Amino acid sequence: QVQLLESGGGLVQPGGSLRLSCAASGTIFSIGVMAWYRQAPGKERELVATITSVGDTNYADSVKGRFTISRDNAKNTVYVQMHSLISEDTAVYYCNAYLRTIGGYRNNYWGQGTQVTVSS
């Protein structure tokens with residue numbers, strides 16, 4: 001079994017910063033691409049950023065220059081550092097990992113989500 005557990009969400013004022021973490025645990029053999037998605041009320045889930053196992057990154061235009069995705073392969077953990085937050089960043093943030101289990105099963109796994117609210 002595999003679990004992805006996010007942490008670090010909360011309430012922050014406009015212009016502030018937050019760092020989200022997501023740790024994968026369980027019967028993991030290897031992890032490929034890890035990513036952060038978000039879903040605002042009444043909107044579809046959207047991709048925020050991705051990072052490959054060798055550190056190549058990609059960002060949504062809306063967060064370029066403000067968010068930084070990183071990972072610690074030894075800890076099976078992905079992070080997103082968010083700066084200059086605006087109200088439009090308010091959403092539930094989900095981490096995602098494409099991984100292979102010890103049993104050889106490959107699939108996408110999702111965390112349960114963590115709320116980020118940007119408000120004064």
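Predicted model: local features only at pLDDT ≥ 70, side-chain atom pairs only at ≥ 80, totals over all residues.
Residues are classed as buried under 20% relative accessible area, as exposed over 50%, and as partly exposed in between. At 41% relative accessibility, Ser84 therefore counts as partly exposed. This residue belongs to the loop between S8 and S9, and its phi is positive, about 50°, although Ser84 is not a glycine.

An open sheet of four strands is found, with the order S1-S3-S8-S7 and antiparallel pairing. The edge strands of this sheet are S1 and S7, each of which pairs on one side only. From one strand to the next, the twist averages 15°. In general, the strands of a sheet pair through backbone hydrogen bonds, in either a parallel or an antiparallel sense.

Strand S8 spans residues 77-82 and is mostly covered, five of its six residues being buried. On one side, S8 pairs in the antiparallel sense with strand S3 (residues 18-26), over six bridges. Within this pairing, Cys22 has Val78 as its bridge partner in S8, and Leu18 has Met82. S8 also pairs in the antiparallel sense with strand S7 (residues 67-72), again over six bridges. Here the bridge partner of Ile69 in S8 is Val80.

Strands S7 and S8 form a hairpin with four residues between the strands, and in this hairpin Asn76 takes a positive phi. Asn76 is placed in the loop between S7 and S8, and its phi is near 50°, a positive value in a residue other than glycine. With a relative accessible area of 25%, Asn76 is partly exposed.

The largest nonpolar core has 31 residues, of which Leu4, Trp36, Phe67, Val78, Met82 and Tyr93 touch the most other members. At least two residues of this core are supplied by each of strand S1 (2-7), S3, strand S4 (28-39), strand S5 (46-51), S7, S8, S9 and strand S11 (114-118). The largest share, five residues, comes from S9. In soluble globular proteins, nonpolar side chains tend to be buried together.

A search of the whole structure finds one disulfide. This disulfide joins Cys22 to Cys95, with an S to S distance of 1.9 Å. Cys22 lies in strand S3 and Cys95 in strand S9, so the pair ties together parts that are 73 residues apart in sequence. Both cysteines, Cys22 and Cys95, are buried.

Arg66 is located in the loop between strand S6 (57-59) and S7. The relative accessible area of Arg66 is 14%, and the residue is therefore buried. The side chain of Arg66 has polar contacts with backbone oxygens in two places. A polar atom of this side chain lies 3.0 Å from the backbone oxygen of Ser84, and the side chain also reaches the backbone oxygen of Ser62 at 2.9 Å. Leaving aside neighbours within four places in sequence, Arg66 is in contact with Gln81, Met82, His83, Ser84, Leu85, Ile86 and Asp89. Arg66 and Val2 are 64 residues apart along the chain, and their C-alpha atoms are separated by 30 Å. Ser84, whose backbone oxygen is approached by the Arg66 side chain, is itself partly exposed, whereas Arg66 is buried.

The loop between S8 and strand S9 (91-101) also holds Thr90. A polar atom of the Thr90 side chain lies 2.9 Å from the backbone nitrogen of Val118. With neighbours within four places in sequence left aside, Thr90 is in contact with Ala40, Gln115, Val116, Thr117 and Val118.

Methods. Residues numbered from 1 in each chain as written. Heavy atoms only, no water. Buried < 20%, exposed > 50% of the residue type's maximum accessible area, 1.4 Å probe, protein only. Pairing = 2+ DSSP bridges. Polar contact = N/O pair within 3.5 Å; in protein donor to acceptor, adjacent residues only side chain to side chain. Contact = heavy atoms within 4.5 Å. Core = buried A, V, L, I, M, F, W, Y, C linked by side-chain atoms within 4.5 Å. Disulfide = S-S within 2.5 Å. Axes fitted to C-alpha atoms, helices over the stretch in contact; angles between N-to-C directions.
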